[in-house]
Amino acid sequence: MSADKFFNAITLLRCPVCGAAFSKTCASLICINGHTFDPSRKGYVHFAPNASPSQYDRDLFEARRRILEAGFYDAVINAIRTAMPKKPDVVLDAGCGDGTFTKRLQGKTTVGIDLSKDAIQLAARGGGPILWTVGDLTKLPVADASVNVILNLFSPAHYAEFTRVLKPDGTLLKLVPGKRYLEEIRALMGDRLRKETYSNEAVVSHLSERLRIADRVPITYSLPLNAEQARDFIRMTPLTFGTCPETLDATALSKITIDVELLIAQK
Ligand SMILES: [Zn+2]
């Protein structure tokens with residue numbers, strides 16, 4: 001049964017409300033203070049029932065999944081894999097979205113967490129061993145010092161929680177967009193772009209206050225794309241939030257630039 005994977009990993013999990021360990025009762029995870037969560041038959045646990053809906057939606061995640069499956073991020077995934085220890089025991093993908101990256105960067109045990117229920121339902125579709133959770137990064141449902149690798153890819157961070165759950169020799173791999181990331185879509189947006197340029201330095205400086213940055217790996221390349229893929233890129237990027245995607249001419253895009261930086265950090 002798809003809920004069993006959560007009970008098998010019960011010592012890795014902890015109550016996101018009070019931080020206590022879980023035990024199993026009938027088909028539920030229950031902590032000593034009576035907080036109860038039921039793994040869904042669809043293969044995920046909803047740890048944040050009061051979360052407000054996120055601005056992400058199913059269309060966006062499905063567009064993103066098509067783009068990832070078409071290989072546009074393969075070089076990025078390979079770079080992340082190279083930075084990971086071989087077969088880590090526990091990987092936590094903090095802000096995992098629809099889980100496409102997570103599935104390709106698994107450890108022996110892998111937890112994926114995202115506040116979007118749409119994204120997690122999409123991730124859990126098709127089964128598999130990954131422990132998918134709907135939850136808040138500020139209250140990770142994971143035990144102290146239990147994680148070898150935290151992935152934090154194109155997602156906000158919560159360093160107090162990351163530091164709590166990382167093992168003493170654990171690694172945080174954080175992926176942030178670079179200056180030229182999707183520059184073709186920026187050009188297409190023209191005046192409608194809310195922020196003209198983007199810099200990583202605030203993110204890097206915030207991270208360096210909490211963890212030691214061991215390395216920064218830039219990854220930059222351009223790939224050709226067709227009109228349908230151009231429409232998917234326009235749909236999936238936060239750059240176009242607040243703009244009607246249909247007002248942008250996808251046929252004007254013949255290539256797309258991926259420019260990201262992988263930050264490798266340790267305690
Ligand atoms: Zn509790």
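**A guided tour of the predicted model**

This predicted model contains an open sheet of three strands, ordered 1-2-3 and paired in the antiparallel sense. Its edge strands are strand 1 (22–25) and strand 3 (36–37), each of which pairs on one side only.

Select residues 28–31 next. This is strand 2, and four bridges hold the antiparallel pairing between strand 1 and strand 2. To see the two strands face each other, display Thr 25, which stands opposite Ser 28 in strand 2.

Now proceed to residues 147–153 and 166–177. These are strand 8 and strand 9, which pair in the parallel sense over six bridges. Within this pair, Leu 151 is found opposite Leu 173 in strand 9.

Residues 255–266 form strand 11, which runs antiparallel to strand 9 and is joined to it by seven bridges. Here Pro 177 stands opposite Val 260 in strand 11.

Which residues have the most contacts inside the largest nonpolar core? They are Leu 92, Val 142, Val 147, Ile 150, Leu 151 and Phe 233, in a core of 70 residues. Nonpolar side chains tend to be buried together in soluble globular proteins.

Centre the view on Val 147 as the last stop. Leaving aside residues up to four places away in sequence, Val 147 touches Val 90, Leu 92, Val 142, Val 165, Leu 166, Lys 167 and Gly 170.

Definitions and conventions. Residues numbered from 1 in each chain as written. Predicted model: local features only at pLDDT ≥ 70, side-chain atom pairs only at ≥ 80, totals over all residues. Pairing = 2+ DSSP bridges. Core = buried A, V, L, I, M, F, W, Y, C linked by C-beta atoms within 7 Å. Buried ≥ 20, exposed ≤ 12 C-beta atoms within 10 Å, placed from the backbone. Contact = placed C-beta atoms within 7 Å.
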